[in-house]
Amino acid sequence: VTEGTKKVATDDLAELVIGALERMAFVLADRVESEPTRSGLAERVAITFERQQDGVVGRVLLDADEAFIRELGASLLGMDSDEVDLDEVARPALLEFANVLGGEVVRLLGGAVEPFKLGLPELAEGGADANDAVRASFVTDERGHLEVTCVFPA
Amino acid sequence: MSRRKVENVLIVEDSPVLRRVIRRALNLAGFADDGIFEAGNGQEALDRLAIAPCDVVLLDLNMPVMDGFTFVEEKAKRAELSATKVIVVSTEGNEGRLEDLRAQGVSGYLRKPFEPEDLRGVIEQAIAEEEGS
């Protein structure tokens, strides 16, 4: 986090994502420098956060492919990936992971001391191309792809 | 002094997947499946507790309909629920808010993301603190 602007650095975001995946679901992931093809990342969810002192609002976006959300759901529930129902397990698992990541980003932004309001995670469209965004891409052990973007207000 | 036994737990969590994860973790920690109940938000939890009080409530904070903060306030108004321990399981990390929740009677806190074995520990700690008080 940079002191003046209170933004999350890309390395911090990547460390946070990898740690949360491992701790929440025992999913092992590596950061990749080259972004995966966006068209393959069909699952998108988002969660907003608002710093209550000044009403500044940001957003965390998660783009993932089917392999990733299957792996996440399967790992959470101790199932095989091919047994995972996309609507009942995999997509809700991505929503919950967005909730966890939203909380972790708020913590990085100083949420332990400054009060933030975290929204509810929801399916999302667009919005990841804002100027002031930090983005990191990941590939899991089972070749699932995830891209996480933090969008900050201009 | 005999140790208080936790026989039933109410999971209050809007994510159906996380409810399943928590139920599974409780099973692995030795809690019987027929003693584990679920609610999708604070209002559902109050409705459930009005029918049958539980020993422990595992409470998410960020939920639709009625959030966990409101649930804690509403529960405090109901004397018949005073024996029910509340443990917050949430992404919330603001020290001021957590202190307010403790002042309102919340017994324990587990921050998401958590590992399954952490659940048993936080429940046992909350009960032990009650016995020691």
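Contact here means heavy atoms within 4.5 Å. This is a predicted model, in which local features need pLDDT of at least 70, side-chain atom pairs count only at pLDDT 80 or more, and totals for chains, interfaces and linings use all residues. Residues are numbered from 1 along each chain as its sequence is written, and side-chain values use heavy atoms, with hydrogens and water left out.

**View 1. Chain A as a whole.** Of the contacts in chain A with a separation of 6 or more, 66% join residues 24 or more positions apart. Chain A has three helices and seven strands, taken as DSSP runs (helices H or I, at least four residues; strands E, at least two) and numbered from the N terminus. Their order from the N terminus is α-β-β-β-α-α-β-β-β-β.

**View 2. Helix H3 of chain A meets helix H1 of chain B.** On the H3(A) side, look for A:Glu88, A:Val89, A:Pro92, A:Ala93 and A:Glu96; H1(B) contributes B:Val17, B:Leu18 and B:Arg20.

View 3. You will find A:Ala67 in helix H2 (residues 66-77) of chain A. With 32% relative accessibility, A:Ala67 counts as partly exposed, a class between buried (under 20% relative accessible area) and exposed (over 50%), with a 1.4 Å probe and protein chains only. Leaving aside neighbours within four places in sequence, A:Ala67 is in contact with A:Arg143 and A:Gly144.

Definitions and conventions
Chains lettered and ligands numbered in written order.
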